[in-house]
Amino acid sequence: MDLIVTHIGADFDALASLVAAKKIYPKALAVLAGSPDKDVREYLYKKPHLIDLKKEKEVDFKKVKRLIVVDTRLAKRIGEAKEALNNRGLILHFYDHHPRTKGDLVGAVDIGGRYGATATILVELIKKKRIKISTEEATLLALGIYEDTGSFTFPSTTPADLKAASYLITKGANLNMVSDFIRRELTKNQVKLLNKLLRLEKRIKINGIEIAIIKLKSSGYITDLVATVHRLRDIENLETIFVLLETKERIRIVARSRIKAVNVGKITQAFGGGGHATAASATIRGMELREVEKKLIEVLKSKVTPEIAPDESLLFKKNVGSLLNRNLPSKITSLLAEAGRIAEEKNFRVYLVGGFVRDLLLGVENFDVDLVVEGDGISFARYLVRRAGGKVTAHKRFGTAVATLPGGIKVDIVTARKEFYEFPAALPTVKEGSLREDLYRRDFTINAMAVRLNPKHYGELVDFFGGWKDLKERIVKVLHNESFIEDPTRIFRAIRFQGRYGFSMDRNTERLVKDALRLKIFRRLSKQRLREEIIAILSEPQPKNAILRLDKFRILKLIHPKIRLSQEIKKDLQIVKTIFSRFASLLKEEDGKRWIVHFLILVQKLSILEVKNLCNNFRLSREQSRKIVKGKENLREIIKKLKESELKPSFLYRTLQGLPVEALLFIVLKVRNRLIEKRVYQYLTKMRKVRIRTTGDKLKKMGYKQGPLFKKILQELLWAKLDGIVKSPSSETKFVFDNFPKD
Ligand code: CTP
């Protein structure tokens, strides 16, 4: 009997290879040992007729004459089929893309070599032997190849894998199905493990190359470790990672590298292990975890070859000097020119950076000047105010300064510098660094451009990361995969910029947002910072799209689980902008806050108590909370009163008195009635300003006794004036005498 087997915990490559082997050995039985990978199980459940799979207990292993093993060469990985290895005269055939390791069996037929997936090897055979395959088989084989090559992104991918996939597509492989099964979310277990790995991860620099090391102990086998390490590597965009796992009596090193400078195959050899340059492992006995780490660092020091980053080649040379001169007020242009001159004199280099550059290129007004100085930022700031006037606030520890210049211009200045940890527990070593390092630490490519200000290079755009291209393509893209983990507020920023400029996130960035959210990243963020980001989004002139995105990512629920984006709320968010424009000057005059109106829209279905708790929870100031609560209290009664057809001015006044402008705009929005809008407008622009001439002193002179009555008289007098009953000072006196007779 011929039997085909693969490794326990079969993944798609293993299953696909099993199915392909069955095409090549049609008479053989195929058995799936143990329980396959969860996704594979689901796939088999959906496609029960794909292959006739036997269970281990259905097979008499003693009768096996030829054993065909796919995707492994290790006896311990083939489950009960191991029994067959004792059969006399057993013939072994192997198809396996893994690099050979010590415990490998050797077969009469033994095909391996440089392939990203075992399925590729078998597809080549199928093609050579002209064996027909169904579209379903083609799809499964493609799945195997896509999976094991990380959709052709893993460094182990070879041209053969691409060729095999292209052949499968001509055979009808369904790529939708492939992407359905490949783009799997993390399982709960993986999320937990990922969190743990993130916590334990340390970075060291060796010969200028950053290497991540994770040490962990476990009493038993850790499921999904390798898959999760891969995911971690993607999320953190790690180039090289070593996981040192200590179980009962041994330590296992799992190593991955994407860069030539670190050949993990060679490094693990020093521990008696081995593998590819990009993926390798080793098992060590009789050493402590700490000793292994120490030795690893020693080995790394001798084996890692430094790489020179091709900085200059990434530069995009473009001069935006004319934009600086054309689009900015002259006081800013001359400030920038002055900054350039000072830098030149002091032997520094100075650059405009961040949002200012972004908005300059977009043609959007932005006068928040951010400068990066290669040199000493603080003394630069001092020179600047010496020339231009104003004052400096400096933070020595951070090398930053704020220069406030005459005319209220604020300039933020930072010193470009790099900090890194030579060793995990060491204090950061601070060195004067370069602009590139500074820009690389920023959030998105569109915010990571700089403009040179030194006279000889004035206006030159420095764009290491493709920001200009992304601006043109309207894309928000992170610079590196750990951006959101480093700073979760960037999730809000991405959404804010998207909404503001009508941009979209690139796929990777969106995936990273989702990964970060799955890791419950906002738990690491203080309520205050969360609040500031929410306020920033709600302060945008038109936050509707950003809010829709917040909802899509289920972030709105973090504000309050009861917030639902109903049609009504969406409509309110749409309409409110016309109300803002009609009340624009008033809003400005009152220093009214748009975000409060937007906030009121979002929480309109929550009870007052819920809103009060929410305000407390987010540590809103007393004034902010007051305005919000005022926008909810007695709302229905107020609207009902406003709707009455005959409305005495004094009644209108009394109804609206004490309401902040934000609450009034919310009311206008909710009633959607021009007459009422006019009434509110009148209240705000006219009625609130009406004053009577009569004062407390005057009442005393008129013979009234000071007391609570005074307030009542003055109040009624004001109402009478609003209603046109009194006009002149003398009619005010008459009104008082008539209505408040002295006893
Ligand atoms: N930045 C960052 N990560 C953050 C906040 C800011 O990398 N979480 C960087 C970006 O390069 C950004 C610059 O610091 O452009 C200035 O930040 P800020 O003034 O807050 O934002 P702007 O980009 O200027 O955006 P806005 O128009 O909203 O002020």
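Predicted model: local features only at pLDDT ≥ 70, side-chain atom pairs only at ≥ 80, totals over all residues.

**Stop 1: α1 and α3**

Select residues 12-24, which form helix α1, and residues 118-128, which form helix α3. Two packed helices are described by the angle between their axes and the distance between the axes. Here the angle is about 20 degrees and the axes lie 8 Å apart. Angles under 35 degrees count as roughly parallel, so α1 and α3 are roughly parallel to each other. The crossing of α1 past α3 is left-handed.

Now show the side chains at the contact. On α1, pick Asp13, Ala16, Ser17, Ala20, Lys23 and Ile24; on α3, pick Thr118, Ala119, Leu122, Leu125 and Ile126. Sorted by class, the residues of this contact are seven nonpolar, two polar and two charged.

**Stop 2: leucine 384**

Move to residues 377-388, helix α14, and find leucine 384 there. Is leucine 384 buried or exposed? Its relative accessibility is 0%, so leucine 384 counts as buried.

Which residues does leucine 384 touch, leaving aside neighbours within four places in sequence? Select Leu335, Ala339, Ile342, Gly389, Ala403 and Ile413 to see them. Then select glutamate 338, which is 46 residues away from leucine 384 along the chain. The C-alpha atoms of leucine 384 and glutamate 338 are 7.9 Å apart.

**Stop 3: α20**

Select residues 527-538, the 12 residues of helix α20. From its first C-alpha to its last, α20 reaches 16 Å, close to the 16 Å expected at 1.5 Å a residue.

Colour Leu530, Arg531, Glu533, Ile534, Ile535, Ile537 and Leu538, which are buried residues of α20. What covers the buried residues of α20? The cover includes α18 (489-501), α21 (544-552), α22 (556-559), α25 (594-602) and α27 (622-630).

**Stop 4: α18 and α21**

Keep two of those covering helices, α18 and α21, on screen. The angle between α18 and α21 is about 140 degrees, and their axes are 7 Å apart. That angle makes α18 oblique to α21. In passing α21, α18 makes a right-handed crossing.

By class, the contact of α18 with α21 has four nonpolar residues, three polar and one charged.

Methods: Residues numbered from 1 in each chain as written. Heavy atoms only, no water. Helix = DSSP H or I, 4+ residues; strand = E, 2+ residues; numbered from the N terminus. Expected span 1.5 Å × (residues − 1). Buried < 20%, exposed > 50% of the residue type's maximum accessible area, 1.4 Å probe, protein only. Contact = heavy atoms within 4.5 Å. Axes fitted to C-alpha atoms, helices over the stretch in contact; angles between N-to-C directions. Parallel < 35°, antiparallel > 145°, perpendicular 65-115°, else oblique. Left-handed = near helix turned anticlockwise from the far one by under 90°. Nonpolar A, V, L, I, M, F, W, Y, C, P; charged D, E, K, R; others polar.
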